[in-house]
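I am opening a notebook on a structure that is new to me, and I want to set down, entry by entry, what I looked up in it.

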Amino acid sequence: MKFRFVHAADLHLDTPFKGIGKVNPMIAEALRDASIAAFDNLIDLALQRQVAFVILAGDIYDGAERGVRAQMRFLAGLKRLDDAGIRSFIVHGNHDPVEAGWSAIREWPRLVTVFGHNDVQVETVAIDGADVATVHGISFAEREESENLALRFAGDRDAGLQIGVLHCNVGNDSDHAPYAPCTLDDLVNAGLDYWALGHIHKRSILRNGHPWIIYPGNTQGRSSKPSESGAKGAYVVEADGTSIQSVEFVPLDAIRFERVDVSVSGISDLPGMLDNLQERAAELHSQAGSRALIVDASITGSGPVHDDLSLDGALDETLQSLRDASGDYVPFLWWNQLHNETSPMLDLDKIRQRNDFASELLSLADDILEQEGSMTSLSNELLSDLPRRKLEAAGVMVPDVVSTALWRRATIHALELLLEERESDAP
Amino acid sequence: MRITGWHIDGFGIFSGYNVDNLPPGLTVIHGPNEAGKSTTMAFVRGVLFGFPSVRSNSNRYPPLNGGRHGGRLFIDAVAPGDGASDSEQWVVERTTGLVPGTSRSSATGSLSVTLPGGSPGTPEDLDQLLGHVGSELFRNIFAFSLSELDSFRTLEDDAVRERIFSSSTVGAARSPSDVIGILDRRIAALLRKRADAAEANRAMAELDAVLDKMHDARRAAEDYPRIVQKREMLEQDIVRIEDSLQLAGRNLSMYQKLIDLWSDWLERANALEELERIEIPEELPDGMEERLQDLRNALHDARARRDERLKDLERDQRRLERITTDDSLVAIANDVKSLYRDMSAYEGYIEQLGELEAKKDRRQRMLDDQLSILGPGWNRMRLESLDVSIPAADEVTEWNNRLEQVRNQRNDSDRSLKEQEDRIDTVRNDLDKIRAEFNNYKSTPELDTLENDERLIRQLQSLLDDRVVAQGKLEDAEHTVEDRQAQLAAMPGSSTTDMIPFWAIYAIILFMGVGVAVMIVFRQWLAAALLLVAALSVLVMSRRLPSTSVPEEAREVAGELLDKAKALREQRVEEVDALNARIAQYTTHFNLPPSPSRSDVAERATFLSRQRDARMRGDDLARQIEELELSLQGLESKLQELKDERSSRQAKLAETTRDWESWRQGHGVPEPMSPEAVTDLFTSIKRAREVLSALDDDTRHAMSVRQKIQQFDERAHDVLRKAGLDTGVGGTITTSYEYHYDSNSLGKLDAAAGGPTLTTRIHNLYEKILEDEEARRNREGLETATEYARKEWEDAEDKLQEVKHNLDNLLRSAGAGNEEELEDFIKRTARRHELESKVNAASTRIDTRLGLGEAAENMRSELATGDRTSWESQKDIIAQQIDLLNAEKQEAIEQKTRAADEEKRVAELSDLASLEIEAEGLRQQIAGALERWQVAKAAKYLIEQTLDRYEREHQPKVVARASKLFAGIAGGRYRQLMTRDGKIQVLDSHSQIVDVEQLSTGTAQQLYLCIRFGLAEEFAERGTLLPFIMDEVLVNFDPDRAQAVAETIARVSTARQVLMFTCHPETVGMITQACLQIDVPPPRIIDLNET
């Protein structure tokens, strides 16, 4: 029998966004509602496609201290599915483990199954009286789940498509926390037909058959990081008996994060750079369809624009100019940050040959960058003034060392200040 | 590198100035103040590093003498002693585009670098040639003036250190300490302990506040389930109370129904009881009561109508009896009405007659006046007999005009005649006067003769003048002869001449010509004046030069000159004689002495002039006489014409007068009279006849009016008599005409007579007739109305009887003996009907409230018990229960509302997402600030470390070199330089440490000069060999030290090029001497005066 289901994960309802600078109230409101709006889109998708069931593979909420509003909206969405006769299968992940946090939901709708954390739980899905699928799932008991939960999925198989629902880190992805670590082989050996995974925010199909192993990514991006930017959504899986016919990614995000890189090499002035950025953003906004867009821009390269951007407040003013120029976009296009990675038109090799103060400074910087130990000890010295404990308590990322990139920037900055022509021309 | 020369296009005073072949060693550029030393130094620095910008306050040395602002430096890149060739020469050219003669810059200028071999170079190539030494560094170390050398002295220690060891050696545009300052400020602005204004601190404070809010939100969220549970319990309580309330409500409703229905139940029972008691004989037909009442009403209405009609009849009869009429008036009614109609015309006639009589009186008086104007003998009859027509009057006017015209013409002729006679008299008088004057000039000669004599006398005067000149020349010639004779006698000997030599004349002409040309062409007045003065000088000089003396030939020459003088004297004598002969001819003609004096001749000339004037006056008078005589003839001829014309006009006047007299007599005007008088007479007669005619018209009109009045009076008296009324005053008939004519006022006489006037009586009689006619018409109307009223009354009586009959029939039909009995029957029947309705209504109401079924039957049974007190007591108890339950419910609702509000509030409060977004924004801001803070800190570290290393490595070498040089210059007074904590100190011969501030100005300058030499060596070691350019650096030094410094400079020049600028010749000598002293090639001396 043919049927279809939706596989989503990492809703992170009421999710905090990362790397978002100060925004105006309208943007703030849209950001606040974005994860919930994406979830609403997910429910709409399930209803439109008339799926048999919906799988949510962990991290429904962003934290144990989940918001009331998010829980109420989540419940309302599940009720809509229930009203339509669509079953829901849910596991908890590291962000919303079973034993942490609280629930404002006192009673789940009838067709909702929340898998427990003690053992892999098995639920059979029947359509018109015939069992078409068996869904296996287990939740995280607590955040730092170190057990390879995939191994628990071994056992007898019932009739229909065998689906495993798990929040885990396959292959120890270093960009994500190593919770419920497992290997691809562990999953393959479990003898299931489809692994509905969660945890990794960048969507990926780890295996496209025997079994299918899929991370759908999160439903709403949270920053301009590569894993968080671009289209976000869920997979609609078409099945026929125990065979997967097709998987289709459907974007569900309410706000899309994008990043543009523009090189100022060959651009003579700031207006030229602004034009370039705006063209790129307009293109992305067009591609995003009816979604709002939050754009981070990296400005790289070397040219006269570097000097303009290096003036006090120039970067902020440029950012504001971009925001002003994008005020008419509907839905909005918000320029989040400009990362000035431009470099002055300094020929470092020539400076090295000059045999003067500048060359000595460059030589010193080269020495520091070459010796990691030196850089670490210097970092300790330079960063000793930081109110580290206070900043960390407030959730601010405090660097342990001054990064190589920052040392390079510091070197260029020092040279710029030294070599900058002063307004002095008395003979 | 060394500078081999330069070409200045235009810079300060220099224009097109070249210097070349500068040696690799020492060059001294010498010149007085303002010769261009500082300019040259500024030029060299400017070409290498750029000229001051327009915005700077520095002297830009605009090209005062033309040329493009800027120029070229020729540079040899090879170190001294390496033997440069032309092919290795660099050319560095820089121009500013400054417009000559102004301080305006047309462009920022441009740099052009030409590499050895002629290929173009770049600014970077120049930078490399200069060893990346910047403008400031070059000025500090290599190219400095006395003031700049001394400027170190005024700096603080750190600044000196900066200038000498840091800035001066970094090859940077900005000093490291400046950069460190910038970075320190940047670091402090980003993150700093206890600095609220720092960006990260500020954001951190905001983040703390947001985190506090988030903490509150989380705590509130934790309480959420308890709040939800409480709200749900309260909702259940409300449901339970509402159930109790529902039950109590039903009981209450039951007892309330019993109470409510009790009155109906009771009413129904009473009605049934009464019904049983009421008896009636038999059922009355329907509508009996209404019919009885209708007949009663009809009977009442019929009676009232009958009585009303009877009253109308009696009233009409009484009114008929009151009307009376007079039959005698009927016969005269028409006459009286006719009189009454004519009465207003009659009164108009009376009034008109009075006005006519008055008018007649006025006309009679006017006629009398006209007759008196015409004079005695004029009466009505004569007036009527004379009819003067209007054409006759017009003819008289025409006569009058004609006579006036003829008379005026005659008078005009009289006036013209008189004026003409006056003119003739005037001309005659003038003629007499001119003739008398003319007689005085008759004997004067003719004008031609006189003019000829005047010409001759002028010639004579001219000859006399010529003779005086000729005599003068003769005297000169005689003097010349005497002089030549004397010169000849005085020879041999020397002589001078006043003649101006030819060369001087040529020079004067040349100078003056050029002067004038300069003045005209170039407007250079001063130059022209100078040339003219030069010309004068030449003149004076030439006059003062001694002439050449030639004694031998002079005598011959003097002899020749004497002969020539004598010949000339003879010629002069002949000329005088010839003049005398001609003069004699003139004196004969004028009868003057043979040799007349100039006054004689002048006197004769005056006389001739007067005679000529007299002759001309006489001729003029003769012409006037001629003209006047001609004029007189014309005037007299005209006078005769005027006299003839006057006679003719006088005759015309006499004839016209005669014609008029003939016409007057023909028209009956008896006495002689002018046409104006005849016109007046005719006008008066015409006016008198018009008055007489009007008077006759008025008299006829009055007669006619009086007849109409009399006719009316007679008709009136006739009618009055017929009516048997009084006809007038005192019982007699008096015509109203007389009566009114005499009295001229009707009312007054009526009042005086004590009775009504004729018109009043007619008026009264007329009123009486109208009243009588009205009474007759009223009586006829009343008679008709009375008859109608009688008929109405009879009809009403018939109707009354009919109604009575109907009533009797009704009573009989009901079996009642009378009306009262029938009424009782009706009343009892109605009561029964009422009670039956009540029973039915109460039953319906009870059935409606109770409905059907067992409960309804139970309620009916309960109603049948009639225990209302018990019901009310139960109802009160239940009502109290309901109140209690309602209060409890309200309390529960309020609690639930509060719980729901709290739930909502907590839900909103726990809007962690918004707070997270805000917090993340702030974290991002802090992270950004931290990143920039790290960059600034690291940059500062790099600069500090580099500076430290730089000073550590280079400073001791520089000081050691400088120390050696300084000790040599100080001649044992100071032994060594040293640095402590970056500060320079000096060790003296007694091993005492001396601070730079304690040194004299000169010594400190020597110290700083030595440090510069040390630094330059340090640079040379690092591959940068630049020339020294010094301006007047030795002037503050004592002779010994100056000599020592000069030798040091000479030594330095063996390793690098040195350009020294000075205005002191002794410095030039000192440097040259120093070179000889230490066996160094002598300097090249460039004297700026030679430019």
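**Entry 1: the model and chain B.** I note at the outset that this is a predicted model. I looked up the make-up of chain B and found 28 helices and 14 strands in it. Of its 1091 residues, 24% count as buried.

**Entry 2: strand β4 of chain B.** I asked myself which strands pair with β4(B). Strand β1 of chain B, residues 2-11, pairs with β4(B) in the antiparallel sense over 7 bridges, and strand β5 of chain B, residues 89-95, also pairs with β4(B) in the antiparallel sense over 7 bridges. To place these pairings on the residues, I wrote down that B:G5 stands opposite B:F74 of β4(B), while B:G70 has B:T95 of β5(B) as its bridge partner. I then checked burial: β4(B) covers residues 70-76, and because 6 of its 7 residues are buried, the strand is largely enclosed by the rest of the structure.

**Entry 3: an open parallel sheet in chain B.** I traced an open sheet of 5 strands in chain B, which run in the order β8-β12-β13-β3-β14 with parallel pairing. Its edge strands are β8 (143-145) and β14 (1084-1087) of chain B, each of which pairs on one side only. On average, and with direction ignored, neighbouring strands of this sheet are turned by 15° against each other. Looking at one pair in detail, I found that strand β3 of chain B, residues 26-30, and β14(B) pair in the parallel sense over 4 bridges, and that the bridge partner of B:I29 in β14(B) is B:I1086. Helix α3 of chain B, residues 135-142, packs on the sheet, where it touches β8 and β12 (1028-1031) of chain B, and its direction makes about 60° with that of β8(B).

**Entry 4: helix α1 of chain B.** I compared the span of α1(B) with expectation: the helix has 13 residues and reaches 18 Å from its first C-alpha to its last, close to the 18 Å expected at 1.5 Å a residue. The helix is mostly covered, with 12 of its 13 residues buried, and among the buried ones are B:K37, B:M41, B:R45 and B:F49. After α1(B) comes B:G50, whose phi is positive, near 110°.

**Entry 5: where the chains touch.** How many residues does each chain bring to the contact? Chain B brings 61 residues and chain A brings 51 residues. On the side of chain B that touches chain A, the helices that each supply at least two residues include α1 (37-49), α8 (224-277) and α25 (912-970) of chain B. The largest share of that side, 26 residues, comes from α25(B). By kind, I sorted the residues of the side of chain B that touches chain A into 30 nonpolar, 17 polar and 14 charged.

**Entry 6: backbone spots in chain A.** Most residues other than glycine have a negative phi, and most peptide bonds are trans, so I looked for exceptions to both. The peptide bond from A:H210 to A:P211 is cis, with omega near -15°, and A:P211 is found in the loop between β11 (204-208) and β12 (212-215) of chain A. Another cis peptide bond joins A:V330 and A:P331, with omega about -10°, and A:P331 lies in the loop between α6 (314-325) and β17 (333-340) of chain A. A:D10 has a positive phi, near 55°, and sits in the loop between β1 (2-8) and α1 (25-49) of chain A. Since A:D10 has 29 C-beta neighbours inside 10 Å, I count A:D10 as buried. For A:D59, phi is positive as well, near 55°, its place is in the loop between β2 (53-57) and α2 (68-83) of chain A, and A:D59 is buried, with 26 other C-beta atoms within 10 Å.

Conventions
Residues numbered from 1 in each chain as written. Chains lettered and ligands numbered in written order. Predicted model: local features only at pLDDT ≥ 70, side-chain atom pairs only at ≥ 80, totals over all residues. Buried ≥ 20, exposed ≤ 12 C-beta atoms within 10 Å, placed from the backbone. Pairing = 2+ DSSP bridges. Axes fitted to C-alpha atoms, helices over the stretch in contact; angles between N-to-C directions. Contact = placed C-beta atoms within 7 Å. Nonpolar A, V, L, I, M, F, W, Y, C, P; charged D, E, K, R; others polar. Expected span 1.5 Å × (residues − 1).
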